[in-house]
Amino acid sequence: PLFPIQDCAIFKRHFDLPHRYEDMSPVIFPRGFTRDYLDGRTTSSELMHSIQTSVRALAAQSDFVVCEGTGHTGVGSICDLN
C-alpha cells in the first residue's frame with residue numbers, strides 16, 4: 001500500500017483536518033515510479049491533473065490551501081513537476 005507523506009499525516013492529525021490523504025498528497029513516488037514514468041506508464045499531464053483535482057477539492061473545503069513540494073529538486077524534476 002501507498003502511504004501519504006509524513007508532513008500530511010502530521011498536519012492532518014495536529015490540525016484535525018477533514019481532508020482525504022489522497023487529496024493532501026495526490027502524487028506519491030513509490031518504488032519503481034521513475035522506471036514507470038520513463039517507460040510511459042504515466043505522464044506528467046496525468047500527474048498534474050491529479051494535483052489540480054486535489055487542490056480544487058481542498059479549496060472547496062478550506063479557507064486557504066498550503067502547497068508544499070517534495071523538498072528535493074530531483075524528485076519532481078524526473079516527471080517535469082518541479
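## Salt bridges and ring contacts

Arginine 41 pairs with aspartate 39 in a salt bridge, with the closest N and O atoms 3.4 Å apart. A salt bridge here is a side-chain nitrogen of Lys or Arg within 4 Å of a carboxyl oxygen of Asp or Glu. This rule gives 4 salt bridges.

The model is predicted: local features need pLDDT of at least 70, side-chain atom pairs count only at pLDDT 80 or more, and totals for chains, interfaces and linings use all residues. Residues are numbered from 1 along each chain as its sequence is written, and side-chain values use heavy atoms, leaving out hydrogens and water.

Two further bridges include these side chains:

| Salt bridge | N to O distance |
|---|---|
| Aspartate 39 and arginine 35 | 3.3 Å |
| Arginine 41 and aspartate 36 | 2.6 Å |

Arginine 41 is exposed at 56% relative accessibility. Aspartate 39 is partly exposed at 40%, as is aspartate 36 at 31%. The cut-offs are under 20% relative accessible area for buried, over 50% for exposed, and partly exposed in between (1.4 Å probe, protein chains only).

Now the rings. The structure holds 3 aromatic pairs. One of them, phenylalanine 29 with phenylalanine 33, is edge-to-face, at 4.5 Å centre to centre and 80 degrees between the planes. Rings of Phe, Tyr and Trp (its six-membered ring) pair if their centres lie within 6.5 Å; planes under 30 degrees apart are stacked, over 60 edge-to-face, and the rest tilted. Phenylalanine 33 is buried at 8%. Phe29, Phe33 and Tyr37 form one aromatic cluster.
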